[in-house]
Amino acid sequence: MLCSRIRTTAIAGLSAAAFGLMADVAVAAWEVNLQPPVSPIGRDILELHNLIMLICLIIFLVVFSVMFYSLYAHRKSKGHEASQFSHSTKAEVVWTIIPFLILVGMAIPSTATLIKMEDTSKADLTVKITGYQWKWQYEYPEHGVSFYSNLSTPRAQIEGIEPKGENYLLEVDNPLVIPTNKKVRFLLTANDVIHAWWIPQFGTKKDAIPGYINEMWTLVEKPGTYRGQCAELCGKDHGFMPIVVEAKAPEEFEAWLETEKQRQAKQTADLNRDWSKDELLAHGEKVYVNCVACHGAAGKGLPEAFPAIAGSPVATGPIAEHVSLVMNGKSGTAMQAFKNQLSDLDIAAVVTYQRNALGNSTGDVVQPSQVNSIR
Amino acid sequence: MATAEAAHHDEHHGHPTGILRWITTTNHKDIGTLYLCFSLTMFLVGGLMALVIRAELFQPGLQVVDPHFFNQMTTMHALVMIFGAVMPGFVGFANWMIPMMIGAPDMALPRLNNWSFWILPFAFTMLLASLFTAGGGPASGWTLYAPLSIQGGMSVDMTIFAIHMMGVSSILGAINVIVTIFNMRAPGMALMKLPLFVWTWLITAFLLIAVMPVLAGAVTMLLTDRHFDTAFFNPAGGGDPVMFQHIFWFFGHPEVYILILPAFGIISEIIPTFSRKPLFGYTTMVLATAGIAFLSFIVWAHHMFTVGMPLAGELFFMYSTMLIAVPTGVKVFNWVSTMWRGSLTFETPMLFALAVVFLFTIGGFSGLMLAITPADFQYHDTYFVVAHFHYVLFSGSVMAMMGGAYYWLPKWTGHMYDERLGKIHFWTNTIFFNITFFPQHFLGLAGMPRRIPDYALQFTEFNVISSMGAFGLGLSQLIFVYVVIKCVRGGKKASDKVWDQPRGLEWTVPSPAPHHTFDTPPKIA
Ligand code: HEM
Ligand SMILES: [Cu+2]
Ligand SMILES: [Cu+2]
């Protein structure tokens, strides 16, 4: 079995390499250094990293060539007699001061880069990023646009039922879109636990912490799609909340922003009408992707950690309590408040769905207006 | 163990035998043995958990475990290795060697000594049992960051209680070490004549007393946040999740030096013996150890560069962390100078010591890179950090203990270990260690986060290599277990000196060392 796995890996490796030649994959297999940067800070960091590594490498080689020379030349088997010297103040002072000076030399460019990184002033665009278990929310407060970004890799690929796609685990339904060559400021926070937002090619990583608003910035010079992952353990699906950013030329970005605004306006209009049960169920099934991570695709949950929806006393009990649990969550557990993440329509639909599917059949229909009155 | 029995010449009163002997013992050698056996057991348990992790990461996709269990494994692996394998392991060495090295008959507080050991099996039963509670074991990483750890089930409470017990055990052990070193030295054994192993342990003991209560405080606050509606770390109640990290790392960074300073001590004993030369720069070695210990209290936030500190804070912690490289460098230079123009031989303990110097330095350099704040934003929470701390912890602390075990086993058991098997263990261990962990540097740089059960396809190749190395590394430890058992059971009779030209009081007594070593204090030249 091991052998066949190794063989599959080798084949996967080869085909990935072949693929790498054809497509413009930013990160290829066997990569041994930082990903190619696309922002000024990313470039500074790469240079700094290369410089420090080179210095370390040189010191390492010097010190250990001395050691290995000694291992070779001062062996007993070669008849080397031990001398008995046991200190030399001069040598010790020298190898305290020289490393100190080298460190000062390293600290200077590091300080300069750090100062640049922390300067978030004069941004052209602000994006607010909120981490949730386990997805990201992106808001453009200056433009009234906001949306969620979920992993879009199918479960079947993760479980090995389907072959894995090129961007396995690094793909989302709604990527963040930003303009190129503009200073974009990110405001980071989280809803539940600590997450960290990281795009290696930008050189930006910062924690998203509940109750805090952290700041960082980037300026992306090249249009393209950039991929990263959450970089702070945030629970079960920490490995499954990727980050994808599309950097578009400013005109294209404006156009995207306009369509996005219109789409969201239409959604608001939808909130005010009555929905049929079928419509709600169809929409509810889509909204339920927000719940799958814990409650399972079939509503079976995970024994002892996440309750099943099928036959749940809440999902078959009073409607108002069900709605209010979904809206407000339950503090101290992973069941989060969906109030701000989901619209009235989404909540109405997912509640209707949970009450009439996944093994339940209460026959109840919950309208967006009803949710709004509980809100 | 059997041989210690043979050498048993305790005439005061009838001593229990069999299992009761080990439960009631107040003898530093017995307790040292208990600690070492416990440490080895935990090393194997923690190692099995690591193999679960590496088996899952052998291929992209989820094959072996589910993500929730994966997180329990990373959390438990770290807790078991740090608190179960490395810390008790060093206490075992301290128990065996400190009295012998300073010319004392036993530890100063023998009953306390028994107690501090026997707390541990209970603590770890509690910790490991938490894996079988509803919802599984703790899954928030060994760092137990709030608010994630507040979400966990009852296993988190059991972990907290276990940590309290381990803390009590460590503090009692540390008190014993300090009292022994200050009060039980043979006449003429001035502080500046202490073997370096004793010095490093003295400083480690102070670190333990200073920071274990801090950890206890942090986890107690977690506990009250979880159950008694306090809000130390809950922003909704006016608390602060980042405060947990500050408190944790105020413990955590000195903790990493608790895990390495005794290893420095062991290396500083082994290298002079096989170089047939005194340790180079004894005084600076002592000062460097003290300097590292002091600096370790003012660098903690280097684990938290990404939480969003003010620029001044980031600069302070960057500079202070970089400074640690100076005393660390001094140590490495001094070890190399000890070998310089010596008369070197390469028995197994020396091979381990050389590998520690070489590989620990790789970890030291990656530590220096991590200290460079702007670059740390790229490295933080990636496999680069995983590689770093395994180079300092495995090829630093653990391999130093293995070297120490080979070095002193003949003194402990009265038999020579099997040199050929020892060398085979050394080479398999060291080669597989590098196959396992060196590629993780590349993974981290290329962007693979740590603590994930599944990964993007471009990380496949190095993960395959790393997993194969890990299984080899795990298997090679079985050789070690075999060599130790074989050596305890029998083997060539060891002389008192064991090695060609060792220094130190422990080599002046018979092998195996009698049950009470220095009933009359030795004369120190
Ligand atoms: C030259 C000396 C050292 C320096 C400058 C250094 C620096 C650092 C830095 C900056 C980090 C944080 C990296 C990050 O998370 O972004 C780190 C992590 C770590 N270091 Fe070191 N280090 C040194 C030696 C050691 C030693 C001797 C040990 C233990 C024996 C050690 C154990 C660890 C561990 C366990 C972590 C990871 C903790 C975690 O996040 O779980 N380090 N080191
Ligand atoms: Cu995460
Ligand atoms: Cu640290």
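Which residue forms a salt bridge with A:E221, and how far apart are the closest N and O atoms? The partner is A:R43, and the closest N and O atoms are 2.9 Å apart. A salt bridge here is a side-chain nitrogen of Lys or Arg within 4 Å of a carboxyl oxygen of Asp or Glu.

This is a predicted model, in which local features need pLDDT of at least 70 and side-chain atom pairs count only at pLDDT 80 or more, while totals for chains, interfaces and linings use all residues. Residues are numbered from 1 along each chain as its sequence is written, chains are lettered from A and ligands numbered from 1 in the order in which they are written, and side-chain values use heavy atoms, with hydrogens and water left out.

**Salt bridges**

Over all chains the rule gives 18 salt bridges. The table lists some of them.

| Pair | N to O distance |
|---|---|
| A:E221 and A:R43 | 2.9 Å |
| A:K206 and A:E118 | 3.7 Å |
| A:R155 and A:E159 | 3.3 Å |
| B:D500 and A:K76 | 3.5 Å |

In the bridge of A:E221 and A:R43, distant parts of the chain are linked: A:E221 is in the loop between β8 (214–219) and β9 (224–229) of chain A, and A:R43 is in helix α2 (residues 40–73), 178 residues apart. Helices (H or I, at least four residues) and strands (E, at least two) are DSSP runs, numbered from the N terminus. A:E221 has a relative accessible area of 30% and is partly exposed; A:R43, at 35%, is also partly exposed. Buried means under 20% relative accessible area, exposed over 50%, and partly exposed in between (1.4 Å probe, protein chains only).

The side chains of A:K206 and A:E118 also meet in a salt bridge. A:K206 lies in strand β7 (residues 204–208) of chain A and A:E118 in the loop between α3 (89–117) and β1 (125–132), so the pair ties together parts that are 88 residues apart in sequence. A:K206 is buried at 4% relative accessibility, whereas A:E118 is partly exposed at 22%.

**Where chain B touches chain A**

Contact (heavy atoms within 4.5 Å) joins 101 residues of chain B with 98 residues of chain A. The area buried between these chains is about 8,600 Å², and carbon and sulfur atoms give 70% of it. Buried area is the accessible area (1.4 Å probe) that two parts lose on being put together, summed over both.

Across this interface the rule finds one salt bridge, formed by the side chains of B:D500 and A:K76. A:K76, B:R276 and B:D500 are linked in a network of salt bridges.

**Metal sites**

Donors are N, O and S atoms within 2.8 Å of the metal (3.2 Å for Na, K and Ca); water is not among the atoms, so sites may look incomplete. The iron atom of ligand 1 has a single donor from the protein, the NE2 atom of B:H388, 2.2 Å away. B:H388 is placed in helix α15 (residues 383–413) of chain B. The copper ion (ligand 3) is 4.6 Å from the iron atom of ligand 1.

The copper ion (ligand 2) is coordinated at 2.1 to 2.5 Å by A:C230 (SG), A:E232 (O), A:C234 (SG) and A:H238 (ND1). In sequence, the donor residues of this ion are spaced C-x1-E-x1-C-x3-H. Of these residues, A:E232 and A:H238 are both buried.
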